[in-house]
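Here is my note on the model you sent. Please read it with the structure open beside you.

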Amino acid sequence: MTDRAYLDHAATTPLRPEAREVLVALLDEEAGNPSGTHRAARTARRVVDEARDVVAAALGCRPGEVVFTSGGTESDNLAVAGVHAAQPGVVVCSAIEHHAVLDPVEALGGRVVGVDARGRVDLDALAASLDGSVVLVSVMLANNEIGVVQDLAAVAAVVQEHAPGAVVHTDAVQAFPWLDVAELAAPAHLVSISAHKFGGPQGVGALVVRTGTPLTPLQRGGGQERGRRSGTQNVAGIGAMAAAAAATLRDRDEVVHRVARLRDRLGDALTARLDGVTETAVPLDADGRPDRSGKVAGSCHVCIDGVENEALLFLLDQQGVAASAASSCASGAMDPSHVLAALGVPRERAQGSLRLTLGPTTTEAEVDHAVEVVVRAVERLRGHRR
Ligand code: PLP
C-alpha cells in the first residue's frame with residue numbers, strides 16, 4: 001500500500017540514478033569552461049563531446065548536428081524562429097503543439113493546421129495550407145496533454161509534395177521516453193528534446209539541426225555549439241542528460257511494456273468505477289474495448305463529467321496524488337486547453353479534464369491509490385453539485 005502517487009511524469013519525471021551520479025560527480029569536480037585551453041577546460045570539453053556522441057546516437061544524427069540548449073522551450077523557439085530568420089516566409093504548425101511551438105508560430109503570423117477527433121493532424125488540411133511561401137512545418141511526435149503520436153513520415157511526405165523547400169521540425173520532447181525517436185523523427189530536419197522528461201535534470205535539452213538546414217542563431221556571443229547557440233554549456237547538465245538518454249534507451253522496451261499495462265489498469269478502472277468518464281483520443285475497437293494504441297505508453301487522459309478540474313486537482317493533491325489538468329492558470333482562471341478544443345471536445349466536458357501521466361518509477365500501488373482517490377473525490381464533488 002502507498003498513500004502517494006506521482007502521476008505527473010509528463011510535466012517532469014524523477015532524475016534517473018545514472019543521471020544523478022554523473023550530475024553530482026561533475027558538479028563536485030573542479031569545473032572548467034569547455035571553451036578554454038587548460039586541463040580543467042579540456043576535461044569539461046571532453047564531457048560535452050562524449051555526451052554529444054551519446055545524444056547523437058540516441059537521436060540518429062551526427063554528433064556535429066546536436067545543439068545543446070536550455071531545454072525543450074529553447075529548442076522549439078530556436079527551430080521556429082531560427083529557420084524563419086534564415087529564410088523569411090510562412091511558418092506552419094499543428095493546432096495541438098506545445099506553446100513553445102505554437103506561440104512563436106503565431107508571433108510570426110504563421111498558419112495553424114487542425115487535427116481530427118483522435119488528435120491526428122489532418123493531412124488534407126496540411127496540404128491545403130502549404131505553398132511555395134512556406135519555410136517551416138512543425139508537427140510534434142507525441143503530444144504532452146493527450147499522448148497522441150503523429151505519423152511524421154506521412155506529414156513529411158505531404159510537405160515534400162506541396163512545399164518541397166520547407167524545413168520539417170518535430171518536437172520530440174514527450175516522445176523520447178517511449179518511442180524510437182531516431183527512427184520516427186528521421187524525416188525531420190530539426191528535432192527537439194528535453195532532459196527532464198526522460199530522467200535528466202531540468203534546464204537542459206537539445207535540438208538536432210541536420211546538415212544543410214538553414215538556421216540563424218537566436219543567441220549570439222561566444223560562438224559555442226558551432227555558432228548556433230552561444231553561451232557556456234551546462235556541462236554537468238549535459239553529461240547527466242546523456243546518462244539519462246543512455247539509460248532510457250537501455251530500458252525502453254521493458255518500461256514501455258510495463259507502464260502501458262499500468263496505464264491500461266488506470267484507464268480501465270476509472271471508466272469502470274465512474275459514470276461519465278471519457279478517455280480522450282481513445283476509440284473503442286470492434287469488441288468494444290478501448291484502443292490506446294495511438295498514444296504513448298505513459299499517458300492517461302480523461303474528461304470527467306460534472307466536475308471542475310481545479311477543484312478535483314485540489315482534492316487529489318490533499319490525498320497525495322500529483323496530477324495535472326494540462327490547462328494553464330496564469331491569470332488565476334483556468335484557460336480551457338487548446339488541445340482539447342482542437343479535438344472538438346466541448347468546453348463543458350473539457351472543464352473536467354484530468355491528465356495522469358506515468359513513468360518508469362510508477363508502481364501498481366500508486367495506480368491503485370490514485371484510482372481510489374479520484375473515485376472518492378469525484379463522488380464528493382458531484383455530491384456537492386446536487
Ligand atoms: N514541448 C513539449 C511537448 C513539452 O511537453 C514541453 C514541456 O512541458 C516542452 C516542449 C518544454 O520543455 P521545457 O520544459 O524543457 O522547456
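1. Start with the crossing of α3 and α4. It is right-handed: that is how α3 passes α4. Keep in mind that this is a predicted model.

2. Next, look at how these two helices pack. Helix α4 covers residues 99-107, and its axis lies 8 Å from that of α3. The angle between α3 and α4 is about 30°. Angles under 35 degrees count as roughly parallel. Therefore α3 and α4 are roughly parallel to each other.

3. Helix α3 also matters for the next topic, the ligand. Which helix gives the most to the shell around the ligand? Helix α3, residues 72-86, does, with 3 residues.

4. Now take the whole shell. The ligand is surrounded by 13 residues. The closest are Thr73, Asp171, Gln174, Ser194 and Lys197. By type, the shell holds 8 polar residues, 3 charged ones and 2 nonpolar ones.

5. Zoom in on single atoms. Threonine 73 places a polar side-chain atom 2.6 Å from an oxygen atom of the ligand. Histidine 98 also has a polar side-chain atom facing a ligand oxygen atom, at a distance of 3.4 Å. How much of the ligand does the protein bury? Taken alone, the ligand exposes 390 Å², and the protein buries 84% of that.

6. Move on to helix α8, which spans residues 235-273. One of its partners is helix α1, residues 17-28. The axes of α1 and α8 come within 8 Å and cross at roughly 160°. Angles over 145 degrees count as roughly antiparallel. So α1 is roughly antiparallel to α8. The crossing in which α1 passes α8 is right-handed.

7. Helix α2, residues 39-59, is also set against α8: their axes come within 9 Å. The two cross at roughly 30°. That makes α2 roughly parallel to α8. Is this crossing left-handed or right-handed? For α2 and α8 it is left-handed.

8. Helix α1 is roughly antiparallel to α8, whereas α2 is roughly parallel to α8. The α1 crossing is right-handed, and the α2 crossing is left-handed.

Note on methods
Residues are numbered from 1 along each chain as its sequence is written. This is a predicted model: local features need pLDDT of at least 70, side-chain atom pairs count only at pLDDT 80 or more; totals for chains, interfaces and linings use all residues. Side-chain values use heavy atoms; hydrogens and water are left out. A residue is near a molecule or strand if one of its heavy atoms lies within 4 Å of it. A polar contact is a pair of N or O atoms within 3.5 Å; within protein, one must be able to donate a hydrogen and the other to accept it, and residues adjacent in sequence count only if both atoms are side-chain atoms. Accessible areas come from the Shrake-Rupley method with a 1.4 Å probe; for residues, only the protein chains shown count as cover. Helices (H or I, at least four residues) and strands (E, at least two) are DSSP runs, numbered from the N terminus. Ala, Val, Leu, Ile, Met, Phe, Trp, Tyr, Cys and Pro count as nonpolar, Asp, Glu, Lys and Arg as charged, and the others, Gly among them, as polar. Axes are lines fitted to C-alpha atoms, for helices over the stretch in contact, and angles run from 0 to 180 degrees between N-to-C directions. Angles under 35 degrees count as roughly parallel, over 145 as roughly antiparallel, 65 to 115 as roughly perpendicular and the rest as oblique. A crossing is left-handed if the near helix is turned anticlockwise from the far one by less than a right angle, and right-handed if clockwise.
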